[in-house]
Amino acid sequence: MIVVAGEALIDLVPQGTGALAVLQPALGGGPYNTAVALGRLGSPTAFCSRVSQDAFGEALLDGLRQAGVSVSDVQRGTEPTTLAVATIGEHGSAVYSFYVDGTADRLFTTPAALPEGTRAVSFGTCSLVLEPGASAYEELMRTAAAQGVFTVLDPNIRAGLIPDADAYRARFTSWLPSVSLLKLSEEDALWLGGTPREWLAAGPSAVVITQGGDGLAVFTRDGAVHSVPGEKVDVVDTIGAGDTVNAALLHGLSARDALSPQALVTLGPDGWTRLLRFAARAAAITCSRAGAEPPYAHELEG
């Protein structure tokens, strides 16, 4: 079982240009997209979050169920669902404005235990910023790591939600001893201001950096760097691409029985290259579609 912990929200995606373009609601949130992608790839997956009882919340849960993701560990609340208004740039990149005050997902509380058989837990995005839920997810991360569970962190920076950048950077650094695999975008790395070698020295066994259309690279404890180019595709938008990479990495590591810090060290050049190519291909398919629509396993066969 792979557990994905974090927010589920509704993306409002413009269907045209201009400030008053019609907005199409879409299921979203970085952790949510990661869970759906894992389910579509065929990995046994559970979602750990707090979701509203409103109509958007019910739609979010239905999306998880349709992807084969367990929702038995999802907390519920009467508060509204978080909304993220997307603006799509010239090359398909998305920028978000968030409506988060008093919403259900930020009131998440730490569960008493992870689901039975949990092999890995993935964390990231808004859920690690918005209190009081952020502290609850942080506690879950530290507890999971202390129990020997493989942990993945994708900070997926949303700068507009971070009131004190320096405080967040310090907090991010404090998480690293509890992280097995750190994945982040090139833009996130620049915003955080550190380097892969500095982050590796603090805890993770590997750091994966996505570089948009230029592909992915991994930095490992033994000093090696392995990279692959991006897959060529007509980009509709990049919504959910990084989340798909998270899922593809976790799915691929699980298939190789490599969900442990020790196994990451022994993957070697061939293992990492195959894994990164798989992730690049999965992300490219997501980018070829509107909104966060990660691929199914049969679309990646061969």
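**View 1. Lining of the second largest pocket in a predicted model.** Twenty residues line the second largest pocket, and Ala26, Leu27, Arg40, Ala292 and Glu293 are the ones nearest its centre. The model shown here is predicted. The volume of this second largest pocket is about 320 Å³. Strands β2 and β3 (23-28) and helices α1 and α2 each contribute at least two lining residues. By type, the lining of the second largest pocket holds 12 nonpolar, six polar and two charged residues.

**View 2. Packing of helices α1 and α2.** Helix α1 spans residues 30-41, and helix α2 spans residues 55-66. Their axes lie 9 Å apart, at an angle of about 30°. Angles under 35 degrees count as roughly parallel, so α1 and α2 are roughly parallel to each other.

**View 3. Residues where α1 meets α2.** From α1 come Tyr32, Ala35 and Val36. They meet Ala59, Leu60, Gly63 and Leu64 of α2. Six residues of this contact are nonpolar, one is polar and none is charged.

**View 4. The largest pocket.** This pocket has a volume of about 1300 Å³. Its lining is made of 50 residues. Nearest the centre of the largest pocket lie Ser185, Glu187, Thr238, Ala241 and Gly242. Elements giving two or more residues to this lining include the strands β2 (9-14), β8 (94-99) and β11 (181-185). Helices α1, α5 (186-192), α7 (241-255) and α9 (268-287) also give two or more.

**View 5. Residue types around the largest pocket.** The lining of the largest pocket divides into 20 nonpolar, 19 polar and 11 charged residues.

Note on methods
Residues are numbered from 1 along each chain as its sequence is written. This is a predicted model: local features need pLDDT of at least 70, side-chain atom pairs count only at pLDDT 80 or more; totals for chains, interfaces and linings use all residues. Side-chain values use heavy atoms; hydrogens and water are left out. Axes are lines fitted to C-alpha atoms, for helices over the stretch in contact, and angles run from 0 to 180 degrees between N-to-C directions. Helices (H or I, at least four residues) and strands (E, at least two) are DSSP runs, numbered from the N terminus. Angles under 35 degrees count as roughly parallel, over 145 as roughly antiparallel, 65 to 115 as roughly perpendicular and the rest as oblique. Contact means heavy atoms within 4.5 Å. Ala, Val, Leu, Ile, Met, Phe, Trp, Tyr, Cys and Pro count as nonpolar, Asp, Glu, Lys and Arg as charged, and the others, Gly among them, as polar. On a 1 Å grid over the protein atoms alone, a cavity is a set of points where a 1.4 Å probe fits but cannot get out, and a pocket is an open set with protein on both sides within 12 Å along at least five of seven lines; lining residues have an atom within 4 Å of a point. Grid points are joined across faces, edges and corners, and a volume is the space filled by probe spheres set on the points.
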